[in-house]
Structures are given as C-alpha cells and as structure tokens.
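Morning, everyone. Please have a look at the structure on the screen, and then I will take you through a few parts of it.

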Amino acid sequence: MSCGLWKETLALAEDYLSLCSTSQCPAPPPPSESATAMRHLGQDMEKQHQARFNSLAQTFLRQCGPDLCSSLRKVMEELVGDGHLNWGRVVSLFTFTGVLARLMQEQKSTKPGLDPGQEQQLGQVPENCRGLAETIADYLGEEKKDWLLENGGWEGFCKYSLAAREVNHDSSMKTALFAAAGVGLAGLTFLLVR
C-alpha cells in the first residue's frame, strides 16, 4: 500500500505542478478525482493568498541555495512543525510548490540563450517539477503515510474537497476550512524571513 500511496502522491504532485508551470490552455484533463480536487482547492487557495504565496516563493528562491529539494523539504517540515498535519496544510504545500514551479519556469523562460523552439508539451511534466514532485511524494507518501492512511488517503482528500466545495458559497466557512493552513503559512513566513 505504501508504494502505491507514494506513486499516487507523485502523480498528483506532477499533475498539479505541471498545471501551475505551463501556460498552455486548455489544460489536459486531470488523471484522477484527487487531482481534480487538488487543482480546484489549490487554485482557490492561491487566489485567496496570492500576494503571500508569491512573496514566499520569491524569498524561497533567493535563499534556497543550490539544493532546491532539500530546502523544500525543510519548508514542508516547518509547515507542520507543530505536529498538526491536516488537509488544509497539504493544500498549502501543493499551492506553495505550484507557485514556486511557476516562478522557476518564468525565470527559465526569460533567461537568454534558451531555445524558444523547446516549448513545454501539453501534459508533460516540466523538468524542474519532477524533483519537486518527488520531494512532495517522499514527504507525504513515505514520512507522513500513516497520517494519510488514517485520514483515508487521497480518497479522504476527495471527501474533504467535496465538503469545501459545498461551503463554497459561504466564504466565512471556506476561510475556516483553510484556517489551519494559515498557521502553517505563518510558520513558513517565519522560516523564510529570518
């Protein structure tokens, strides 16, 4: 089950990061119900906290050093540093990494000397996203697998997503669903600005 959970987490992360880092429309269809849910909640969370995520991702890129994935892992550990992982924090992690992937892709495309003919193929995982996706899969699918399994795995995430969508029209309720994620973001902010 754990190998399957890791693979499912990797596929979910690759889909989300690919969606975030490519500007081509229309996006390919999501590969699973959990990918559909992550796309919806991640994009919604980014809209709610766009300035904060952009600022954090830019700070991260300036400070992360040459080992981007190790630095991302430290961010993930900080995000749940108080030991309280929840689906809101998982969405925050995906959202932050998606913004990071998009900024990296934008930086790559503005550097001189790149072959403009080598555009990203629709549905193809950008090179820089694979390592980020594997880092997410390693952390959630291995280190936090017990928590994932206790919470129904990615099927449990789909149930969480449905609850979030049902309260979509009530912004105060939606804010409450993401409140715990905000606590993790505060820790992330502290980590990156110190």
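I will talk about ring pairs, then a serine, a valine and a helix.

First, some ground rules. This is a predicted model: local features need pLDDT of at least 70, side-chain atom pairs count only at pLDDT 80 or more, and totals for chains, interfaces and linings use all residues. Residues are numbered from 1 along each chain as its sequence is written, and side-chain values use heavy atoms, with hydrogens and water left out.

Let's start with the rings. How many aromatic pairs does the structure hold? It holds eight. Rings of Phe, Tyr and Trp (for Trp, the six-membered ring) pair if their centres lie within 6.5 Å; planes under 30 degrees apart are stacked, over 60 edge-to-face, and the rest tilted.

One of the pairs is Y16 with F94. The pair is edge-to-face, at 6.2 Å centre to centre and 75° between the planes. Y16 sits in helix α1 (residues 2-21) and F94 in helix α5 (residues 87-110), so this pair ties together parts 78 residues apart in sequence. A helix here is a DSSP run of H or I, at least four residues long, numbered from the N terminus. Both Y16 and F94 are buried, meaning under 20% relative accessible area with a 1.4 Å probe, protein chains only.

Next, W87 and W147. Their ring centres are 4.8 Å apart and their planes at 65°, so this pair is edge-to-face too. W87 belongs to helix α5 and W147 to helix α7 (residues 145-150), 60 residues apart. W87 is buried at 8% relative accessible area. W147 is buried at 16%.

Which residues do ring pairs link into a cluster? Y16, W87, F94, W147, W154, F157 and Y160.

Now the serine. S34 is in helix α2 (residues 33-48). Its relative accessibility is 4%, so S34 counts as buried. The side chain of S34 makes a polar contact with the side chain of S32, at 3.1 Å. A polar contact is a pair of N or O atoms within 3.5 Å; within protein, one must be able to donate a hydrogen and the other to accept it, and residues adjacent in sequence count only if both atoms are side-chain atoms. Leaving out residues up to four places away in sequence, S34 touches E8, L12, W154, F157 and C158. Contact means heavy atoms within 4.5 Å.

On to V75, in helix α4 (residues 68-79). V75 is buried, at 3% relative accessibility.

Last, helix α6 (residues 127-143). Its buried residues include C129, L132 and I136.

Definitions and conventions. Helix = DSSP H or I, 4+ residues; strand = E, 2+ residues; numbered from the N terminus. Buried < 20%, exposed > 50% of the residue type's maximum accessible area, 1.4 Å probe, protein only.
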